[in-house]
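This report describes how the parts of one protein chain are arranged and how they meet. The account concerns a predicted model.

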Amino acid sequence: MNLLLDSFEFGVHTQIHYGIGKLNQLPEILKSNNYQHVLICTDPGIAGSGVLDRIEQILSNSDIQYTVFQEVQPDPTLEVIAKVKAVYEENQCDALIGIGGGSSIDTAKGASAAVANPGDLAQYEGKNKLPNRGPDIIAIPTTAGTGSEVTHATVLKDTKRQYKMGILSQHLHPKAAILDPQLLTTLPRGLAAITGMDALSHAVESYTSNQAQPITEALGLHAIRLIGKYLRPFVADRTNIEAASNMMLASTIAGAAFIWGRVAAVHALSHPLGGRYKIPHGLANSILLPVVMEFNVSSNLEKFKEIAILLGENVDGLSTREAALRSVEAVKQLVSDLNIPPTLGANKVQLSSEEAQIVAQEAFDSGIALANPKVTTVEDLKNMLVQAQ
Ligand SMILES: [Fe+2]
């Protein structure tokens, strides 16, 4: 970006409440917004983990009424959103709480959009097409990855089309996010690994995208630094509260970075892979990130060199190009150290040439890859899938 010629915008519209044990302040946070009856959206995993019991206990000691919807699924569908909307209206709620991973928070966002906007949500796919702001959303992440607690995006699955679509709107920024690192301590190891790689993908893609600007670059760099230092110890022991705290912050910081800095080819491809082959988002990103970085590395050698250094590579004595390429090796090593199966084939997904063409075309048509630092054709995206096999 040329600061003498270009302009940019930046803002985070979510009040962030961070602290170990911060969940206990939920009633005060709800009261400060004058909510009377909240709908809690969560998934069976959170419901069974004791976290939901804790929230119910905290709320039962206050005068705030609540209703629970605990049937959130991974990759929330439009059908689930319609159900949540019905529960919301039936109980005359006035705000939504999304507690869990990205799916629970995105469900709360989708339901908020559905309450205030008529008809099929599919018509609002894309950026700034949602006419009305719905009820407020309070996001309480229990994974360190999605960043959805501060972003303006919800990713929903249209099962009829086997299609994961993104709705991006200023109306979807959560009103508040509660970041309580204690909530990460019961996260299963595999989920900690792939959600952490999702956060790294947000940080790297926004830092290197053609929409990057000074503030998102600063956020992206710090998120990469934190993830480089804390993701391995966090995955090794989720009760390591220092590692958990730093990963929770890294995830939110990377989320704030990609509101404006955008994501690119990794996310363009991981959405159709999730929609068609049910590959979890963080896993698809773990596989694609080194492939896409290798494709992009020549677009900005200095930036990729910086990523290599922040991920712990020793680049002394290397040329800038050699140092930049070390960033790709660093991510491959991280994926290996986290025991993430590193290819599509290792995850029992084999795409024929025709299938890869369809995924690549869908990735291209989503427009997400338009932020990629190197101009990306359907053929490029298809080649990335071949490399990811
Ligand atoms: Fe993501």
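## Contact between the domains

In this predicted model, 25 residues of domain 1 touch 26 residues of domain 2. Domain 1 covers residues 15–184, and domain 2 covers residues 189–388. The C-alpha centres of domain 1 and domain 2 are separated by 26 Å.

## Buried area

The size of an interface is often expressed as the accessible area lost when the parts come together. For domain 1 and domain 2, the buried area is about 2,200 Å², with 65% of it on carbon and sulfur atoms. On the side of domain 1, the residues that lose the most area to domain 2 are A144, K164 and L184, which together account for 25% of what that side buries.

## Polar features and composition

Three strands, β1 (15–18), β7 (153–158) and β8 (163–168), each contribute at least two residues to the side of domain 1 that touches domain 2. By class, that side of domain 1 comprises eleven nonpolar, nine polar and five charged residues.

## Packing of two helices

Helix α7 spans residues 214–236 and helix α11 spans residues 301–310; their axes lie 8 Å apart, at an angle of about 30 degrees. Helix α7 contributes E217, L221, I224, R225 and G228 to the contact, while α11 contributes K303, E306, I307 and L310. The contact of α7 with α11 contains four nonpolar, one polar and four charged residues.

How values were computed
Residues numbered from 1 in each chain as written. Predicted model: local features only at pLDDT ≥ 70, side-chain atom pairs only at ≥ 80, totals over all residues. Heavy atoms only, no water. Domains from an automatic or database assignment. Contact = heavy atoms within 4.5 Å. Buried area = accessible area lost by both parts, 1.4 Å probe. Helix = DSSP H or I, 4+ residues; strand = E, 2+ residues; numbered from the N terminus. Nonpolar A, V, L, I, M, F, W, Y, C, P; charged D, E, K, R; others polar. Axes fitted to C-alpha atoms, helices over the stretch in contact; angles between N-to-C directions.
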